[in-house]
Amino acid sequence: MARFSTPNPAGQSIYNPMQAENTGVDMHWWERSDLRYEGGSLRFAGIDPGEKADQAGTPLYLYSIARIRHNTRRLIGALEMTGTRHRVLYAMKSNRFAPILTAMAMDGMVGVDACSIGELALATSCGFPNRQVSFTATGLAAAEWERILAYPDVTVNCDSIGDIRKVAAIHPGRSIGIRVNPEIGIGYRKNPLLAYSGKGSFSKFGITPDVLPQAVSIARDLGLTVDGLHCHCGCGYLDDQLPAFESIVQTMSRLAKELPGLRYLNLGGGLGIPLSPDDKPLSLGEWAGIIRKHCADAPYEIWIEPGDYLVKDAGLLVLEVTNLEEKCGRRVVWVNGGFNIHPEPVFYKLPVHPVPPATSAQLQLSTIAGNINEVADLWFENIALPDYAPGDRIAFLNAGGYGASMSSNHCMRGLFHEALIPDRDGVNG
């Protein structure tokens, strides 16, 4: 069986895909029933990604609606154990591919978390009723609020006292939620790039607990009804971060008790998935147990806003090898996509792990470089890969979230393709 390097350098608490060590960990840590080698060839959601790339071209994002549905049902099943009334709102900033949104709306299992007027309009055009949409954003101009508040059944959360005043001026009597900064950060491997708040640290998001009473008082004096609290504290947390998650839930439930009549308590998203060989799946039982401990039988609904957890491992990015060469003592494999196509490896040091379309016993340590004219445009360093030739393909795992949705046209190389793989029963929305 092929081997590759572990992406967990000794002494590093933050995973950096650019600093891997060759310790020979089994490369098939990522395999599951719908993502594995069959007969030596990679299969994803019942198809050959290479064949799909031949048809559609590359760069190509492939998404599995079956995997998204599986992840959604698993999360809802965990919430059923919490003893709460609950709702799942898909954070569409993670992936806004319209066929995915349409399928989700048709399934009826989740609502939507939107953070711009464009997202709000897209969600409703894909079939989500206004009442199933929650809106939370920051730094909005009055003109933006006017357009958002024209959707009367959309839940809105105010990120600042300035937003509260704008909403009151535009729509007197409106019900609002308030976004709270609980001053607790959480994220994948304690990565500070992914933790949105912390005690004594700056965050542009939310209102701190000490200022919350003032914000509520201002809202009420202006004729608004505060019927919800919201927070979102980070991204990609796994079991080692569950104590921090419990501190967040404990803080938010305490604040909720001080505001009788709340309709919902939104605990945000950030649930993570394994991204490297030594990551373990998040224990949804423990996660649900924390919510149950602090929120069971609460008079309000518990809302959760997962994005990555639903779509990240439901997506592959397929790129084409364009060149191979020894450079500065390294074997370099160039591909026809760069960090503008999927920014996370460079921006947030989060891996999208490369796998070949077929198993191979002939492996060499390689660096994968993108086609953007920037020195930072490297996908992965020091990973054992086959002896590629130009025209061969590489599939990058866990590319379903914050890839296409964060892409840019930097260097005017922003073109890519997206495709949704139908469920086995032929339904793809």
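Biologist: At what angle do α2 and α3 cross?

Modeller: Roughly 45 degrees, with the axes of α2 (residues 65–79) and α3 (residues 98–107) coming within 11 Å. The axes are lines fitted to C-alpha atoms, for helices over the stretch in contact, and the angle runs from 0 to 180 degrees between N-to-C directions. This is a predicted model, so local features need pLDDT of at least 70 and side-chain atom pairs count only at pLDDT 80 or more, while totals for chains, interfaces and linings use all residues. Residues are numbered from 1 along each chain as its sequence is written, and side-chain values use heavy atoms, with hydrogens and water left out.

Biologist: Which residues of α3 are buried?

Modeller: Ile100, Leu101, Ala103, Met104 and Ala105. Buried is under 20% relative accessible area, exposed is over 50%, and partly exposed is in between (1.4 Å probe, protein chains only).

Biologist: What covers them?

Modeller: The cover over the buried residues of α3 includes α2, β5 (60–64), β6 (86–91), α4 (117–125), α10 (308–311) and β22 (417–421).

Biologist: Switching topic: how do α8 and α9 cross?

Modeller: Their axes come within 9 Å and cross at roughly 25 degrees, with α8 covering residues 242–257 and α9 residues 284–295. That makes α8 roughly parallel to α9.

Biologist: Which residues of α8 and α9 meet there?

Modeller: From α8 there are Leu242, Phe245, Glu246, Val249, Gln250 and Ser253, and they meet Glu286, Trp287, Ile290, Ile291, Lys293, His294 and Cys295 of α9. The contact of α8 with α9 has seven nonpolar, three polar and three charged residues.

Biologist: How many residues are in the largest nonpolar core?

Modeller: It has 109, and Ile176, Ile178, Leu229 and Trp287 have the most contacts inside it. α8 gives the most to this core, with eight residues. A core here is a set of buried Ala, Val, Leu, Ile, Met, Phe, Trp, Tyr and Cys residues joined through side-chain atoms within 4.5 Å.

Biologist: What does leucine 229 touch?

Modeller: Not counting residues up to four places away in sequence, leucine 229 touches Ile178, Val180, Leu212, Met252, Leu255, Ala256, Leu259, Leu262, Tyr264, Leu265 and Asn266. There's also a second, separate core of 16 residues that includes Trp30, Tyr37, Ala53 and Leu62.

Biologist: Okay, loops now. Is isoleucine 273 buried or exposed?

Modeller: Buried, with a relative accessible area of 8%. Isoleucine 273 is in the loop between β14 (264–266) and α9. Leaving aside neighbours within four places in sequence, isoleucine 273 is in contact with Leu238, Tyr309, Lys312, Asp313 and Asn398.

Biologist: Which peptide bond is cis?

Modeller: The one joining threonine 58 and proline 59, with omega at about -5 degrees. Proline 59 lies in the loop between α1 (49–56) and β5.

Biologist: What's phi for lysine 349 and for tyrosine 402?

Modeller: Lysine 349 has a positive phi of about 55 degrees although it is not a glycine, and tyrosine 402 has a positive phi near 55 degrees. Lysine 349 is partly exposed at 29% relative accessible area, while tyrosine 402 is buried at 13%. Tyrosine 402 is in the loop between β21 (393–396) and β22.

How values were computed
Helices (H or I, at least four residues) and strands (E, at least two) are DSSP runs, numbered from the N terminus. Angles under 35 degrees count as roughly parallel, over 145 as roughly antiparallel, 65 to 115 as roughly perpendicular and the rest as oblique. Contact means heavy atoms within 4.5 Å. Ala, Val, Leu, Ile, Met, Phe, Trp, Tyr, Cys and Pro count as nonpolar, Asp, Glu, Lys and Arg as charged, and the others, Gly among them, as polar.
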